[in-house]
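Please look at the sequence and the model before reading on.

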Amino acid sequence: MRLNADFSKAVVIDTTAMPWEASPMAGVRRRKLDRIGDEVARATSLVRYDPKSYFSPHTHSGGEEFLVLEGIFSDEHGDYPAGTYVRNPIGSTHKPYSEAGCIIFVKLHQFDEKDTAQLSINTHGEEFQPGTAPGLTVLSLHSFEGESCALVRWAPGTVFNPHTHWGGEEILVLEGTFSDENGHYPKGTWVRSPHLSVHHPYSKEGCLIYVKTGHLPAD
Ligand SMILES: [Fe+2]
Ligand SMILES: [Fe+2]
């Protein structure tokens, strides 16, 4: 399968309007955002676990990164409530399940093989730091070489500088509405902007976004 697999193209998806598709596991459904490959894939998805559902034990052959959006995700290593950001590097294994049900935003098979950090951050317990423009606060989640990942909170009325995305930018809107000159992106919108794209973002009502930069191919 190839879905939104041309990383030189901008993609905007209102994920809340997508159906939840069946996965190979009963009680686990997903919304596919981008994908190259079939069941073992370089993929970005939202995954929903029904209460008392589980997924088969597996090894992350290309690494796994996820943010818990709702509910509580669990595996044999721990419980990860909404707001938890987890990185499981290449070669890690687990058997995921959810007692109460959950929704996660997950990126598979996108790790640099030298990026071996395993981490779990409950973002609700962390303090955001002042950002590079008035009204912006930032919680850095991870960075490795040219790639970085953060939660960014925009106070109502914040306007950021026009800028160019070296290595692209990927955003999932977690709260409120994020905007730029191309449109408005309410909660649940996923925006992927290619290498060397430019925009002038702002937020009238305020928002919280997950943002990853520097990870999309330059050619
Ligand atoms: Fe996994
Ligand atoms: Fe940007």
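## Strand S22 and its partners

Strand S20 (residues 169-180) and S22 run antiparallel and are joined by 4 bridges. Strands here are DSSP runs of E with at least two residues, numbered from the N terminus, and two strands pair if DSSP finds at least two bridges between them. Within S22, tryptophan 190 is the bridge partner of leucine 172. Strand S2 (residues 11-14) is also antiparallel to S22, again with 4 bridges, and here tryptophan 190 is the bridge partner of isoleucine 13.

How many of the 5 residues of strand S22 (residues 189-193) are buried? The count is 5 of the 5, so the strand is largely enclosed by the rest of the structure. A residue is buried if 20 or more other C-beta atoms lie within 10 Å of its own, exposed if 12 or fewer, and partly exposed in between, with C-beta atoms placed from the backbone. In a regular strand, side chains alternate between the two faces of the sheet. S22 is covered on both faces: Thr189, Val191 and Ser193 are buried on one side, and Trp190 and Arg192 on the other.

## Source of the model

The model is predicted: local features need pLDDT of at least 70 and side-chain atom pairs count only at pLDDT 80 or more, while totals for chains, interfaces and linings use all residues. Residues are numbered from 1 along each chain as its sequence is written, and chains are lettered from A and ligands numbered from 1 in the order in which they are written.

## Two hairpins around S16

Strand S15 (residues 129-130) pairs with strand S16 (residues 136-144) in the antiparallel sense over 2 bridges. Glutamine 129 stands opposite valine 138 in S16. This hairpin has 5 residues between its strands, and glycine 135 takes a positive phi near 95°.

S16 is also joined by 8 bridges to strand S17 (residues 147-154), and the two run antiparallel. Histidine 142 stands opposite cysteine 149 in S17. There are 2 residues between S16 and S17 in their hairpin, and glutamate 145 in the turn has a positive phi of about 50°. Alanine 150 lies in S17 and counts as buried because it has 20 C-beta neighbours inside 10 Å. Alanine 150 and serine 140 are 10 residues apart in sequence, yet their C-alpha atoms are 4.3 Å apart in space.

## Domains and core

The domain assignment, which is automatic or from a database, gives domain 1 (19-122) and domain 2 (127-213). Their C-alpha centres lie 23 Å apart. In all, 10 residues of domain 1 are in contact with 7 residues of domain 2, where contact means that C-beta atoms, placed from the backbone, lie within 7 Å. On the domain 1 side, strand S10 (84-88) and strand S14 (119-122) each supply at least two residues.

The largest nonpolar core has 35 residues, of which Ile104 and Ile209 touch the most other members. Such a core is a set of buried Ala, Val, Leu, Ile, Met, Phe, Trp, Tyr and Cys residues joined through C-beta atoms within 7 Å. Domain 1 and domain 2 each provide at least three residues of this core. Beyond its neighbours within four places in sequence, isoleucine 104 is in contact with residues including Val47, Phe66 and Phe73.

## The whole chain

The protein chain has 0 helices and 25 strands, helices being DSSP runs of H or I with at least four residues. Its C-alpha trace spans about 45 × 40 × 35 Å along the principal axes. Buried residues make up 31% of the 219 residues.

Conventions
Two residues are in contact if their C-beta atoms, placed from the backbone, lie within 7 Å.
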